Amino acid sequence: MSQVVFITGASSGFGAACARRFASSGRPLLLAARSLDKLEQLAGELKDGCPVHVAELDVTDQDSIEQFFANLPQEFSQVHTLINNAGLALGMEPAQEANLEDWETMINTNVTGLVTITRKVLPGMVERNSGHIINLGSTAGNWPYPGGNVYCATKAFVKQFSRTLRSDLLGKQIRVTNIEPGMAETNFSLVRMKGDEDKADEVYTGTKPLVAEDIAEIIHWVTTVPPHVNINAMEIMPVCQGWGPLAVNREMEA
Ligand code: NDP
Ligand code: 8X3
């Protein structure tokens, strides 16, 4: 049976690193993102290792989604492993000052986009009684931080959606895993800081963050455990990251 690996957000960061990691296993790769030029460049790099199909996909746009699935070559149409990776954060402002459009974009991408792609792919997995859905959650879905407001909430959604998928799929040979990385240096901060390179660099200054290849290695590993084993979730931080104490404001009136 075909073991197609479908990666959303494959043009950068974790998605591109996953494409490179899975290419070495020879499985057919279906790579999607909005930046077709970057996908084509990646496909050029991978083409000797495995069959690759790249296509433009905006997970927030229903027409784009319909077109993407309608135009899939037959040999890439039976997805075995879905890596729901497309996602982003925008802004770090406190909730009362945040841009509502940024909130909508995060919800449309990280929540609505992720569930729509899952809903498209899942019936085929159920019919074939075979598959693995790997969602990109985040430490942000477990631990709140100032300015994280809606981004953190979208990743908390991903966590619970991953668990409820497992509930619905009980009895089927379909695995679901939520991968929850902490600070990782990709284009993530540049996107979040809206192209401000100094602000994006500051996020990683003096640290040794995770890199995309660390997460790709772990995502690949969760697909290699014996078929009766389901890794429900994995939270991964760089050694330089940890938790602070709960915040207490000491300037309140008694
Ligand atoms: P990058 O910015 O490097 O990659 C994000 C990818 O998502 C790009 O390929 C981008 O492609 C794609 N994408 C964004 N919006 C859309 C859209 N509407 N439709 C299709 N693709 C889209 O960041 P990361 O690799 O770091 O992020 C990948 C995932 O990991 C995200 O879900 C993020 O929230 C999560 N994550 C990141 C962490 C980090 O610290 N870096 C930690 C924890 C989780 P394009 O612009 O071409 O569409
Ligand atoms: C990305 C990790 O801490 O920047 O999901 O929110 S964090």
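Predicted model: local features only at pLDDT ≥ 70, side-chain atom pairs only at ≥ 80, totals over all residues.
Residues are numbered from 1 along each chain as its sequence is written, and chains are lettered from A and ligands numbered from 1 in the order in which they are written.

**Stop 1: ligand 1**

Select ligand 1 and the residues near it, that is, those with a heavy atom within 4 Å of it. The selection holds 29 residues, of which the closest are Ser12, Arg34, Ser35, Tyr151 and Thr186. By class, this shell contains twelve nonpolar, 14 polar and three charged residues. In this scheme Ala, Val, Leu, Ile, Met, Phe, Trp, Tyr, Cys and Pro count as nonpolar, Asp, Glu, Lys and Arg as charged, and the others, Gly among them, as polar.

Next, display the polar contacts (pairs of N or O atoms within 3.5 Å; within protein, one must be able to donate a hydrogen and the other to accept it, and residues adjacent in sequence count only if both atoms are side-chain atoms). A polar backbone atom of Gly9 lies 2.9 Å from an oxygen atom of ligand 1. At Lys155, an N or O atom of the side chain is 3.0 Å from an oxygen atom of the ligand. A nitrogen atom of ligand 1 is 3.5 Å from a polar backbone atom of Leu57. Ligand 1 taken alone exposes 880 Å², and the protein buries 93% of that; accessible areas come from the Shrake-Rupley method with a 1.4 Å probe, and for residues only the protein chains shown count as cover. The elements that give two or more residues to this shell are α1 (13–23) and α5. Helices (H or I, at least four residues) and strands (E, at least two) are DSSP runs, numbered from the N terminus.

**Stop 2: ligand 2**

Move to ligand 2, whose surroundings are Ser138, Ala140, Tyr145, Tyr151, Phe188 and Arg192. Four of these residues are nonpolar, one is polar and one is charged. A polar side-chain atom of Ser138 is 2.5 Å from an oxygen atom of the ligand. Alone, ligand 2 exposes 240 Å², of which the protein buries 80%.

**Stop 3: aromatic pairs**

Now show the rings of Phe, Tyr and Trp (its six-membered ring), which pair if their centres lie within 6.5 Å; planes under 30 degrees apart count as stacked, over 60 as edge-to-face and the rest as tilted. The whole structure has six such pairs. Select Phe6 and Phe69, an edge-to-face pair with centres 6.2 Å apart and planes at 85 degrees. This pair links distant parts of the chain, with Phe6 in strand β1 (residues 4–8) and Phe69 in helix α3 (residues 62–70), 63 residues apart. Phe6 is buried at 0% relative accessible area, where buried means under 20%, exposed over 50% and partly exposed in between (1.4 Å probe, protein chains only). Ring pairs join Phe6, Phe68 and Phe69 into a cluster.

Continue to helix α5 (residues 149–168), where Phe157 and Phe161 lie four residues apart, about one turn of the helix. Their rings are stacked, at 5.8 Å centre to centre and 20 degrees between the planes. Phe157 is partly exposed at 32% relative accessible area, whereas Phe161 counts as buried at 18%.

**Stop 4: cysteines**

How many disulfides (pairs of cysteine sulfur atoms within 2.5 Å) does the structure hold? The structure holds zero. Cys50 is buried, at 5% relative accessible area. Cys152 is also in no disulfide, with the sulfur of Cys240 the nearest at 18 Å.

**Stop 5**

At helix α7 (residues 197–204), select Asp196, which caps the N-terminal end: a side-chain oxygen lies 3.2 Å from the backbone nitrogen of Asp198. Gly206 follows α7 and has a positive phi, near 75 degrees.

Most residues other than glycine have a negative phi. Asn129 has a positive phi near 50 degrees and sits in the loop between α4 (100–128) and β5 (131–136). Finish at Lys194, with a positive phi of about 55 degrees, in the loop between α6 (188–192) and α7.

Definitions and conventions:
Heavy atoms only, no water. Disulfide = S-S within 2.5 Å.
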